[in-house]
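This note is written for a colleague meeting the structure for the first time. Please keep the model in view while reading the numbered points.

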Amino acid sequence: MPPKSKRQKTQHPASNESDPTTVDSNTNTNNSTDSLVPVLSKYFPAPSSCPQDEIPQKFLEIEAKQTDKLLKLDYGAGISYVYNPLDYASEIHSDFVSKFCRGFKKVLLMGMNPGPWGMGQTGVPFGHVKYAKEWLGVTGKVKSPEREHPKRPIQGLECTRSEVSGDRLWSLMKELSGSPDVLFKHVFFHNYCPLFFLKESAKNVTPPELKVKERAGLEEACNEALVETVKLLQVEHIIGVGKYALEQARKALEKAGITNIELSLLMHPSPVNPAANKGWREIAIKQLTESKLIEYFKPEA
């Protein structure tokens, strides 16, 4: 079992419910994904209203409510295409959630939003096609988005392109854990925003690149969904992949009055981040080690 760390905690009120730092603690309760009786984190002392075998469905319901809100928003004249992988890649995404979100999770590793060649194709966060098929073993067909840019076709698990970010991240996860069962015992992968946005030119537009007015509605919906997700999964640590994801997690938790969940940064593995091109693997291992979370990604001794 991962060792206890020495970081600060405050009491939590009872509850039912592209770039690159670290915030932080302690704890360890043994979660059994087979038991219908919740094994609760000490940070969430109220009994969960959701048996662990119902968590995947509840998780998908939170995402569905989130996307309903997001798809009603106006993202401005500069955004010509809005892709929703949770819809057109719902078979693969649901398979990923049902396989790997079957119990409470100590660590939520959270990215910003899908990329066109990663989750945009597979419905899996950082969803590198090869790792999704061959290591995670997810399956499913994809449909076409309602509006599809001719330069950004959706081919699902048959897509021959891949993102460097996904390759870097999943190769490290495989190296550390050895198998998905080990990785997802304590950890789950998630994206802050499930949509991705394209200009008419097919240029990808990330959430922080949206205009402030358009971004406000997106962040409100995504922050609400994040809080619901944290409560459902009994999360104790959030790792933001990139500074934007980390900052939004901080804002969401502060607004909800949740003061006892640790926040850490994992440098974004994107090749547009110059620092990531100078040894991202070594930097990531150092960050996970310094935040005392790396043991959650490894087989137990």
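1. The model is predicted. A search of the whole structure finds 14 aromatic pairs. One of them joins F96 and F184: the ring centres lie 5.8 Å apart and the planes meet at 80°, so the pair is edge-to-face, given that an angle over 60 degrees counts as such. This pair links distant parts of the chain, since F96 belongs to helix α3 (residues 90-100) and F184 to helix α7 (residues 180-186), 88 residues apart.

2. Are the two partners of this pair buried or exposed? F96 has a relative accessibility of 0% and therefore counts as buried. F184, at 4%, is likewise buried, the cut-off being under 20%. Both rings also belong to one aromatic cluster, formed by F59, F96, F100, W135, W170, F184, F188 and F189.

3. Which of its residues are buried? They are I92, H93, D95, F96, V97 and F100. An α-helix has 3.6 residues a turn, so residues three or four places apart point the same way. The cover over the buried residues of α3 includes α1 (55-71), α2 (85-88), α4 (119-122), α7 and β3 (187-191).

4. An aromatic ring also has a charged neighbour elsewhere in the model. R147 lies over the face of Y81, at 4.2 Å from the ring centre. Residue Y81 falls within strand β1 (81-83), which is an edge strand.

5. Strand β1 is part of an open sheet of three strands in the order β1-β4-β5, where the pairing is antiparallel. The edges are formed by β1 and by β5 (204-205), each of which pairs on one side only. Between β1 and strand β4 (residues 196-198) there are three bridges in the antiparallel sense. Y83 stands opposite F196 of β4.

6. A parallel pairing is found between strand β6 (residues 237-241) and β7, over five bridges. In this pairing, G240 stands opposite L265 of β7. From β6 the chain crosses through helix α9 (residues 243-256) to β7, and this β-α-β crossover is right-handed.

7. Why is β7 described as largely enclosed by the rest of the structure? The strand spans residues 262-266, and five of its five residues are buried, so β7 is largely enclosed. In a regular strand the side chains alternate between the two faces of the sheet. Both faces of β7 are covered: E262, S264 and L266 are buried on one side, as are L263 and L265 on the other.

8. A lysine is also worth checking. K231 is located in helix α8 (residues 212-233). With a relative accessible area of 12%, K231 is buried, as the limit is under 20%. From K231 to I258 the separation is 27 residues in sequence and 10.0 Å in space, C-alpha to C-alpha.

9. Some overall values complete the note. The secondary structure of the protein comes to ten helices and seven strands. Of its 301 residues, 54% count as buried. The accessible surface amounts to about 13000 Å², and 50% of that surface belongs to carbon and sulfur atoms.

Methods. Residues numbered from 1 in each chain as written. Predicted model: local features only at pLDDT ≥ 70, side-chain atom pairs only at ≥ 80, totals over all residues. Heavy atoms only, no water. Phe/Tyr/Trp six-rings, centres within 6.5 Å; stacked < 30°, edge-to-face > 60°. Helix = DSSP H or I, 4+ residues; strand = E, 2+ residues; numbered from the N terminus. Buried < 20%, exposed > 50% of the residue type's maximum accessible area, 1.4 Å probe, protein only. Lys NZ or Arg CZ within 6 Å of the ring centre and 35° of its normal. Pairing = 2+ DSSP bridges. Right-handed = clockwise from strand over helix to strand, strands pointing away. Areas by Shrake-Rupley, 256 points an atom, 1.4 Å probe, with all protein chains shown as cover. Contact = heavy atoms within 4.5 Å.
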